[in-house]
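Here's a quick briefing to read alongside the model. Have the viewer open and follow along.

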Amino acid sequence: LGFKKSIPVKPKLQIKQYNPVDSIQLSKLILAPILEKIDNNCQKIIFAADGNLNSVPLQILPIDEIGKRLLMDEYAVSYVGVGRDILRSDSDSTDIADKPIVIADPDFELTAPLQIEQQKQPLTKEFIDTFDSQNLSRTISTKLLGETVAKRLKDAQLYTGKQALETHLTNGKCPQIMLIATHGLFLADTKQVANPMMRSALALAGAKTWLSGGILPENAGKGMVFAQDIANLDLRANQLTVLSACNTARGDIKIGEGVFGLRRAFAVAGTKSLVMSLWEVPDRTSALLMERFFDNYQTGIDTVEALQNAQNYIRNITVKELRKSALGVEILKDILKLRELPAQMQIDCHEDDKPLAHPFYWGAWVCQN
């Protein structure tokens, strides 16, 4: 019929631009007075942030006038919940850690077989109603993150979908390394729930069912792990926990007491190092960052250094480098909003462009020791 063949459009790469003006001003208020007092031989800074500073990844603040050189470019930056945590002993446990576990992409709508009788909810309906279960939708790409990390860890046990159960955390075993990739829930101060450790939670398999008053299989628990549940665990043999979820670093901010929530709970339980995100991060980019992080970590590099190296890797990776790996191509497809990106397809950009340089992609991650 003489139809004209369509010519593929050369997609243009839109790189997120970063304006450092506000962060420069914040750095002058917070970091400048501290850096003036630091000895030239100092290589590591540990912050016991207070108040709303707990919500700021201080390591990504600039320490020059143009916003190019960041605090993490000069120092290994980590955090403690409160100042006294720095005195916590790491030698008080003789327990042998269990195999690494990875929990990702839970099936929030997991339900029990119909013949099982419904048991009474352990908490009041008013409490359940305060959490919004409608926001619990599966993010399938967190499965990619879980599978990526599980391949990096020897003998790791991977639990996804219907197997991403609360009981894997509360069964009394202490994994040496643990990754949890799911939704984090945080509820602001409310009269229904006075205890701040019961207002931060990780949503696991069956969470939406439980919040809506449904029935769960017996081995699923309640489908939620609250900060209070975690604080009651013995994680003294746990060397590293990684939380990849929105709101995992949030909680009630108490002046002089850090953040009451998941980050406080893991410290109380005994976790040596907690790596977490301060905001919801892109899943595929996080998977690439975690690949690099665990490769570094398993060579014996300190946790903070391993994390900052991985962040710098994402920060500086080029289009050319991204096109060399399957995961990198997936990231480019996300940015370009394409379903497919054939190897021969040209992109309107320079090969040495750095599409993930904006702190949005890598700056959320912090390490609490």
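What follows goes from the overall numbers to the strands, then to one helix residue and a surface patch.

This is a predicted model, so a few ground rules apply: local features need pLDDT of at least 70, side-chain atom pairs count only at pLDDT 80 or more, and totals for chains, interfaces and linings use all residues. Residues are numbered from 1 along each chain as its sequence is written, and side-chain values use heavy atoms, with hydrogens and water left out.

**Overall numbers**
- The protein has eleven helices and 13 strands, taken as DSSP runs numbered from the N terminus (helices: H or I, at least four residues; strands: E, at least two).
- Of its 369 residues, 52% are buried (buried is under 20% relative accessible area, exposed over 50%, partly exposed in between; 1.4 Å probe, protein chains only).
- Take the contacts (heavy atoms within 4.5 Å) between residues at least 6 apart in sequence: 80% of them join residues at least 24 apart.

- In strand 5 (residues 177–181), five of five residues are buried.
- I177, L179 and A181 point one way and M178 and I180 the other, every one of them buried.
- Strand 5 pairs (at least two DSSP bridges between two strands) with strand 3 in the parallel sense, over four bridges; here I180 sits opposite I103.
- Strand 9 (residues 240–244) also runs parallel to strand 5, joined by five bridges, and T241 of strand 9 faces M178.

**Strand 7 and its partners**
- Strand 7 (residues 200–203) is covered on both faces, with S200 and L202 buried on one side and A201 and A203 on the other.
- Strand 6 (residues 184–186) runs antiparallel to strand 7 with three bridges, and G184 has L202 as its bridge partner.
- Strand 8 (residues 224–226) is likewise antiparallel to strand 7 with three bridges; its M224 stands opposite A203.

**T209 in helix 5**
- T209 belongs to helix 5 (residues 207–211).
- Why does T209 count as buried? Because its relative accessibility is 8%.
- Beyond neighbours within four places in sequence, T209 touches F108, E109, L110, T111, G214, I215 and L216.

- I86 lies in the loop between strand 2 (76–79) and strand 3 (101–106).
- Together with I46 and L87, I86 makes a nonpolar surface patch of about 320 Å².
- Patch residues have over 30% relative accessible area and no salt bridge, with like charges joined within 9 Å and nonpolar side chains (Val, Leu, Ile, Met, Phe, Trp, Tyr) within 5 Å.
- A salt bridge is a side-chain nitrogen of Lys or Arg within 4 Å of a carboxyl oxygen of Asp or Glu.

Definitions and conventions. Areas by Shrake-Rupley, 256 points an atom, 1.4 Å probe, with all protein chains shown as cover.
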